[in-house]
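Please walk through the side-chain contacts and surface patches of the protein shown here.

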Amino acid sequence: MIHGTVVGLQARMSLIILPPEHSSVEIECVIDTGFEGFLTLPPSVIAALGLPYLININANLANNSSVETDVYLATIVWNGVERNIAALMGRRPLIGTALLEDYHLSIDFCEGGTALVDEIL
């Protein structure tokens, strides 16, 4: 089970990233159920971690517009397991629904509330 908290009505969860040739880094992310990808990270974080570049894509946003963004390879620890995922360059760290697939998400939407992610049995 993965635990997070609600701050300002945003469900937040820490994610451990295992960058190449660096120590592990813990980054607080907002859970974004409208984002169908795995993860977004700001350019400064991607550069600092030295994440390998994969490809440039067109990404669709919530307002139905499209933007070009770069995609990088990130190794993370998710529910105690190392996973290689695609991390899109974005404005802030977001966890998307691709990372939540096959998991149950529960959020108590009040200041200091609990956000829980657990495997679906």
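Arg12 and Glu28 form a salt bridge in which the closest N and O atoms are 3.4 Å apart; the term requires a side-chain nitrogen of Lys or Arg within 4 Å of a carboxyl oxygen of Asp or Glu. This is a predicted model, so local features need pLDDT of at least 70 and side-chain atom pairs count only at pLDDT 80 or more, while totals for chains, interfaces and linings use all residues. Residues are numbered from 1 along each chain as its sequence is written, and side-chain values use heavy atoms, with hydrogens and water left out.

Helices (H or I, at least four residues) and strands (E, at least two) are DSSP runs, numbered from the N terminus. Arg12 counts as partly exposed at 22% relative accessibility, and Glu28 is partly exposed at 44%. Here buried means under 20% relative accessible area, exposed over 50% and partly exposed in between, with a 1.4 Å probe and protein chains only. A search of the whole structure finds one salt bridge.

The aromatic pairs number two. Rings of Phe, Tyr and Trp (its six-membered ring) pair if their centres lie within 6.5 Å; planes under 30 degrees apart count as stacked, over 60 as edge-to-face and the rest as tilted. Tyr53 and Tyr72 are edge-to-face, at 5.7 Å centre to centre and 75 degrees between the planes. Tyr53 is in strand S5 (residues 53–60) and Tyr72 in strand S6 (residues 66–78), so this pair ties together parts 19 residues apart in sequence. Tyr53 is partly exposed at 46%, whereas Tyr72 is buried at 11%. The ring centres of Trp78 and Tyr103 are 5.8 Å apart with planes at 75 degrees, so this pair is edge-to-face. Trp78 and Tyr103 are both buried.

Tyr53 also belongs to a nonpolar surface patch of about 370 Å², together with Leu54, Ile55 and Leu73. Patches are made of residues with over 30% relative accessible area and no salt bridge; like charges are joined within 9 Å, nonpolar side chains (Val, Leu, Ile, Met, Phe, Trp, Tyr) within 5 Å. Strand S5 gives the most to the nonpolar patch, with three residues.

Glu101, Asp102, Asp118 and Glu119 form a negative surface patch. Glu101 is in the loop between helix H2 (97–100) and strand S9 (103–107), and is exposed at 54% relative accessible area.

How values were computed: Accessible areas come from the Shrake-Rupley method with a 1.4 Å probe; for residues, only the protein chains shown count as cover. Lys and Arg count as positive and Asp and Glu as negative; His and the chain ends are not counted. The place of a charge is taken as NZ of Lys, CZ of Arg, CG of Asp or CD of Glu.
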